[in-house]
Amino acid sequence: MSGRGQSNDGSVELGVLKYVHEHPSISTVRGNPSALVRTIEEYASTSRRHLMTVGPAKRDYIVSVLARAPPGPKVFLEFGAYVGYSAVSLGAALRELNQGYEVKYLTFEVNPMNAAITSSFVELAGLKNVIDVHVGPAAESVRRLFEEGNLTKQSVDFMLLDHWKNFYVADLQMCEELGLLRKGSIVLADNILIPGAPEYLAYIKQGRAEKSREGHRYEIHMENFLMSHGHTDQVAVATVV
Ligand SMILES: C[S@@+](CC[C@H](N)C(=O)[O-])C[C@H]1O[C@@H](n2cnc3c(N)ncnc32)[C@H](O)[C@@H]1O
């Protein structure tokens with residue numbers, strides 16, 4: 001994997017784009033997020049090279065956390081879209097859980113090719129009115145959206161941190177400083193053990209006294225997942241208290 005968020009030559013990510021759009025069942029995938037997600041999973045199971053999505057087990061768990069969160073989350077920020085697997089799955093779940101209400105899923109992706117693939121899948125799934133794809137470093141996009149008034153204080157209900165682990169603390173701190181979170185907002189972070197985010201875990205465990213004035217205190221739940229390579233990974237679910 002290169003440091004640019006794709007396989008060395010981007011062939012795995014372009015491969016999934018071609019696989020989906022040239023699939024014999026493409027007409028049943030159009031406007032059907034679940035069918036699109038299944039087709040991406042089908043590609044991942046047949047490709048010899050790794051597609052770095054959250055995968056079905058963590059995806060189902062995140063949907064269950066979304067479904068249990070009171071009051072129902074409506075504004076979701078995702079850090080790291082990759083090819084849009086989680087955005088399409090979770091954006092569709094967000095819409096489903098909030099029928100009759102406006103919902104927004106903002107996903108941030110630094111790699112322009114990945115972002116373009118995500119946009120193509122969002123359009124194919126019929127989720128353009130739910131999911132906005134922002135190209136560039138997540139921190140820059142969040143700040144810009146805040147300055148433009150498209151993200152306001154205490155407006156973010158749910159955040160998924162799934163980009164490079166060395167950005168987790170800085171990007172969460174920035175969201176805290178901008179005042180985007182409220183009591184009850186959930187910050188779910190993937191890959192706590194593999195590849196590992198020890199500084200992030202230490203940060204969310206800090207009490208108020210150790211933090212800046214804007215920093216939140218969190219109630220934390222850790223969930224284990226046995227990965228296909230036989231090792232255990234964890235996601236951290238941090239709820240603002
Ligand atoms: C593990 S993948 C995300 C997987 C995706 N959430 C899914 O489950 O389908 C991480 C992605 O984060 C992107 N990324 C890394 N650092 C970033 C940053 N600072 N801002 C935005 N995107 C970033 C990478 O380019 C890569 O596509």
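Residues are numbered from 1 along each chain as its sequence is written. Because the model is predicted, local features need pLDDT of at least 70, side-chain atom pairs count only at pLDDT 80 or more, and totals for chains, interfaces and linings use all residues.

**The sheet**

Helices (H or I, at least four residues) and strands (E, at least two) are DSSP runs, numbered from the N terminus. Two strands pair if DSSP finds at least two bridges between them. Seven strands form an open sheet in the order 3-2-1-4-5-7-6, with mixed pairing. Strand 3 and strand 6 stand at the edges with a single partner strand each, so one side of each has no neighbour in the sheet.

| Edge strand | Residues |
|---|---|
| Strand 3 | 131-135 |
| Strand 6 | 218-226 |

Strand 1 (residues 75-79) pairs with strand 2 (residues 104-109) in the parallel sense, over five bridges. E78 has T107 in strand 2 as its bridge partner.

**Helix 3**

Helix 3 spans residues 33-46. Its buried residues (20 or more other C-beta atoms within 10 Å of their own, C-beta atoms being placed from the backbone) are P33, L36, V37, T39 and I40. Seen down the helix axis, these fall within an arc of 160° (taken from the directions from the axis to the C-beta atoms), so they line one face of helix 3. On the other side, S34, S45 and T46 are exposed, with 12 or fewer such atoms; partly exposed lies in between.

Methods: Expected span 1.5 Å × (residues − 1).
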